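Q: Could you take a close look at one part of this model for me, the ligand site and the helices packed around there? I'd like the cut-offs spelled out as you go.

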Amino acid sequence: MPNVLPPYGQDMSDTFDLVVVANRLPVWADSGSDGDIMWSRSPGGLVSSLEPALRGVDAVWVGWSGRYAPDPYASDDYGVELDPLPDGLGPCALREVEITREEIEGYYEGFCNTTIWPLYHDAIASPAYHRHLWDPYVEVNRRFAERISELAAHGATVWVHDYQLQLVPRFLRDRRPDLRIGFFLHIPFPPVELFTQLPWRKEIVEGLLGADLIGFHTPSGAANFLSLTQRLLDLDPDETGLTLGDATRPEGHRRVRVGAFPISIDTAEYDAIARTAEVQDEAAAIRDKLGNPKFVLLGVDRLDYTKGIDVRLKAFTELLADGRIKPGEAVFVQIATPSRENVEDYQRLRDEIELMIGRAIGDHGLIGAPPIQYLHQPMDRESLVAFYVAADVMLVTPYRDGMNLVAKEYAASRHDNGGALVLSEFAGAAVELTDSFLVNPYDADGVKQAILDAMHAEPAELHRRMTAMRSLLFAHDVDRWARSFLDSLGDIATQR
Ligand code: ADQ
């Protein structure tokens, strides 16, 4: 398959055995100041997560490219040569779904990020329920389904990802009952009491039930979904899914399997990167530049209000104020990737976080030795791993998180079996990483105590905890995640 993103409408004859569908394509278009489009690898780790599933298969990735339709910079040749493809994509073909600027405002910035995202994260921010945001969500989901049905070979496997595309399974099944359809949700699925606030709750549940397999990160996400099917649609779920018996549908009786598939990382790759001399040197240089404090604490997140960056900043600042962390004893480094900068809640969050950091530095800083260092910038993987290697304590304190890959990346990078992970109970990762220092992010004193416990634990204790977490991550890596999802989907389809 050539490395080409073809012009719209010129690739109708190609069909594929595996169709991966996500809001974003793995390559991303940015408009340069001269009007040219520049292509880069998309932010976010879905590409690396799916790489094993794409290897050696006749696959296509369907998504939005970041350019608006109709493209203001369109030339005669709307296609673009992508040679070489970003690492890890192998020979996967890419196909774009056309979305206008206005639709992105309603569908993505609106319904996805101001309705679904907060609602599914415990309504930490108030979800917006607006009909003018719902309509573009339906429209764009329908367009994805149309595009997929053009591209999927007869009997193909379609794997739909995440909260932006919850209606796609139903729309797709209506058009193409021959397909095996899997859906995976990367964020938490909320409890019934919260979900039922949504005016379009039935439509979303019915949309998801178009899939053969619906995967969540945790058993509680799966259980929440199953109880909703009973409450809203009067269905009769069991522990592993439900059987739909609708004689009016072309497929008649159909089993939908629902389960937990906790995503993971390429553990061996993080381990290998961390072992390189370059990364080891870089880690030593980071500690050096920080003034070689006794303790380096680290946070790494997208700048998102769900991540509890404020939780750890408050705890660390109070520990300085209480004198339980001495001046110069510890430095807290917070790395935050810019995120969703067009959404108002995110603009406000950035101001709040930066105000907290400024105050803490003003109140507790020494000349030439601020207790907090803040980087609001994306970083390449090697540099990130160098920070993981340099950090004595990793702080992962989300109010709610589907999984949280940073927690796993930190443990995978600690081939010395050192370092301590402070982890929120409300991250999906807490189900597996029970040897971390688990905290309730709403309990300020508990978070402070856990940070102190992590800083002062005996090396043998840290070694025991880290060894256990690493062995789990080597056994359950991302390769296994992708294979187990696709194998389960294959099993169901053959039982049909
Ligand atoms: P995210 O909310 O984006 O993902 P997370 O799982 O932590 O959260 O993944 C973030 C990724 O971005 C990590 O791989 C991390 O290394 C990277 N990253 C963070 N800061 C960075 C920086 N400054 N520069 C470069 N890279 C950076 C959603 C859900 C999660 C779920 C994942 C996967 O919200 O709960 O774990 O999907 O399903």
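A: Let's start with α12 and α13, whose axes are 9 Å apart and which pack at an angle of about 70°. Helices here are DSSP runs of H or I with at least four residues, strands are E runs of at least two, and both are numbered from the N terminus. Axes are lines fitted to C-alpha atoms, for helices over the stretch in contact, and angles run from 0 to 180 degrees between N-to-C directions. That makes α12 and α13 roughly perpendicular to each other; the label covers 65 to 115 degrees, with under 35 roughly parallel, over 145 roughly antiparallel and the rest oblique. Val385, Tyr388 and Val389 of α12 meet Val406, Glu409, Tyr410 and Ser413 of α13, where contact means heavy atoms within 4.5 Å. By class, that's five nonpolar, one polar and one charged residue, counting Ala, Val, Leu, Ile, Met, Phe, Trp, Tyr, Cys and Pro as nonpolar, Asp, Glu, Lys and Arg as charged, and the others, Gly among them, as polar.

A word on ground rules: this is a predicted model, so local features need pLDDT of at least 70 and side-chain atom pairs count only at pLDDT 80 or more, while totals for chains, interfaces and linings use all residues. Residues are numbered from 1 along each chain as its sequence is written, and side-chain values use heavy atoms, leaving out hydrogens and water.

Now the ligand. Of the 22 residues around the ligand, His186, Thr337, Met379, Asp401 and Glu409 come nearest; to be near, a residue needs a heavy atom within 4 Å. Oxygen atoms of the ligand have polar side-chain atoms of His217 at 3.2 Å and of Arg302 at 2.9 Å, plus a backbone N or O atom of Asn404 at 3.0 Å. A polar contact is a pair of N or O atoms within 3.5 Å. β13 (295–302), β14 (330–337), α12 (381–390) and α13 each give two or more residues to the shell. That shell has 11 nonpolar, six polar and five charged residues.

On to α13 (residues 405–413) and α15 (residues 459–475): their axes come within 9 Å and cross at roughly 110°, so α13 and α15 are roughly perpendicular to each other. Lys408, Tyr410, Ala411, Ala412 and Ser413 of α13 touch Met466, Met469, Arg470 and Leu473 of α15. The classes there are six nonpolar, one polar and two charged.

Finally, α15 also packs with α8 (residues 267–275), at about 125° with axes 8 Å apart, which makes α8 oblique to α15. Thr267, Ala268, Asp271 and Arg275 of α8 meet Arg470, Leu473 and Phe474 of α15.

Technical notes
Polar contact = N/O pair within 3.5 Å; in protein donor to acceptor, adjacent residues only side chain to side chain.
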